[in-house]
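Trainee: Could we go through this model together? I'd like to get a picture of it piece by piece.

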Amino acid sequence: MSEAYIVEHAKRYALAAFENDTKKNYEAAIRNYEAAANLLERAVKLYPDHPLRDTFILYIRKYRKRAAFLRKLMIPQGTSGEEEDVYVEDDRGESDDATVEREESTSGTLKPPAFVQTEKPNVTFDDIAGLDEAKQAIKEAIIFPIKRPDLFPLGWPRGILLFGPPGNGKTMLAAAIANEVDGEFLYVDAASIMSKWLGEGEKNVKKLFRYARERAEHGVPVIIFIDEIDALLGINISEVGGEVRVRNQFLKEMDGLQDKDKNYHVYVIGATNKPWKLDEPFIRRFQKRIFIPLPDKATRKKILELYTRRLDLAEDVDLDLLAEKMEGYSGSDIKDVVQAAYMITVREYFEKQGEEEKPRPVSMSDFEIVLSKRKPSVNRKMLEMYEKWFEEYKAL
Ligand SMILES: Nc1ncnc2c1ncn2[C@@H]1O[C@H](COP(=O)(O)OP(=O)(O)O)[C@@H](O)[C@H]1O
Ligand SMILES: [Mg+2]
């Protein structure tokens, strides 16, 4: 088997898997996901230098996870009443629009597309330190209009963009919104919309919005959260021109939400670490743009408290001083530092096999050792880029 052959067939199995997944032919979907994962695994082993190696590994994991999830869902299994659509080699090529139509008309209960995550994660606004302005802006733009649309005769923004350096709570905020809002929350990673491995980008965008609109027409407010949204415009592994069509489709769908008669409660929140990758028409669709900055000192202290809460700390640990020293560190940097400091004590504990009952408390010097090695992941130049971008686009 050649490399191209393996990859091509993995792709076909994957496409068959999505189709079966959408049609609720779970048994067939599981088999197809497994087959796709197995082939990709082979590709990874046989061609360790393949440029898409990391992508393959990612999708092997995704397919296995989805297969495992479906397996759980199968007990007990209802009859779907639809034909199985198992991929056999040299079966027909890509799915076309007719397939999409069919999915829509035959599925009695509406089901989100396979690349969407709908589980509500266990995070609330209170678990997120700081970001008070962002939380307030989100309440005013989403939570209040959903609760009392009558108080918003002038409408509300359909598009909200969260942007800022990585590791400061954008994805976390999304999770919290899901919990604060009584409605349907659709989490989508933009990379999965774009990837050939999860179907075609342009069609995925269509499916996503169609599903959201239909739910909204049934009276359920829908929040679509698109993480790393810059990927919708980025270079990707699929055919040349694919990303342009995805972008255009996205703009079209965003405009469709503005329909004055329907007053859809569909909100689109995009998050990005690289706002400068977005073009102007794209940015315009997000009437509200919220900067998620690095934590200030008070917030750093809160984050430190949050992550040391369950640790045994020595008396000399001064979180206030640590917060002071950690200027420039992101929320996720801070979490990493705490973890690394704690690991020093765990490592010691295992080295002294059995001498102690548990690791000793984490001391100030553990933190200092870690801080001397672990520098902030966001540098000044990057921060200036965010500021410059915001200056330019805040009044667009
Ligand atoms: N404000 C915060 N409060 C608590 N934890 C935070 C905060 N910001 C970041 N973190 C930690 O860092 C991790 C990464 O944050 P995330 O929301 O994924 O960042 P982003 O999406 O902005 O890149 C989170 O899972 C959380 O553990
Ligand atoms: Mg994120």
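Trainee: Which residue just after α8 takes a positive phi?

Mentor: That is Gly-219, whose phi is about 90°; bear in mind throughout that this is a predicted model.

Trainee: And α8 itself, how many residues does it have, and how far does it reach?

Mentor: Helix α8 covers residues 201-217, which is 17 residues, and from its first C-alpha to its last it reaches 24 Å, close to the 24 Å expected at 1.5 Å a residue.

Trainee: Why is α8 said to be largely enclosed by the rest of the structure?

Mentor: Because twelve of its 17 residues are buried. The buried residues of α8 include Val-205, Leu-208 and Phe-209, but also Glu-202, Lys-203, Lys-207 and Arg-215.

Trainee: Switching topic, what share of the whole protein chain is buried?

Mentor: Buried residues make up 39% of the 396 residues in the protein chain, and its secondary structure comes to 15 helices and five strands.

Trainee: Now the ligand: which residues come nearest to ligand 1?

Mentor: Of the 18 residues around ligand 1, the nearest are Gly-169, Lys-170, Thr-171, Gly-331 and Ser-332. The shell divides into nine nonpolar, seven polar and two charged residues.

Trainee: Which helices supply at least two residues of that shell each?

Mentor: Those are α6 (170-180), α11 (297-308) and α13 (331-351).

Trainee: So where does ligand 1 lie relative to the domains?

Mentor: It lies between domain 2 (125-294) and domain 3 (297-377), because both of them give residues to the shell around ligand 1.

Definitions and conventions:
Residues numbered from 1 in each chain as written. Chains lettered and ligands numbered in written order. Predicted model: local features only at pLDDT ≥ 70, side-chain atom pairs only at ≥ 80, totals over all residues. Near = placed C-beta within 6 Å. Helix = DSSP H or I, 4+ residues; strand = E, 2+ residues; numbered from the N terminus. Nonpolar A, V, L, I, M, F, W, Y, C, P; charged D, E, K, R; others polar. Domains from an automatic or database assignment. Buried ≥ 20, exposed ≤ 12 C-beta atoms within 10 Å, placed from the backbone. Expected span 1.5 Å × (residues − 1).
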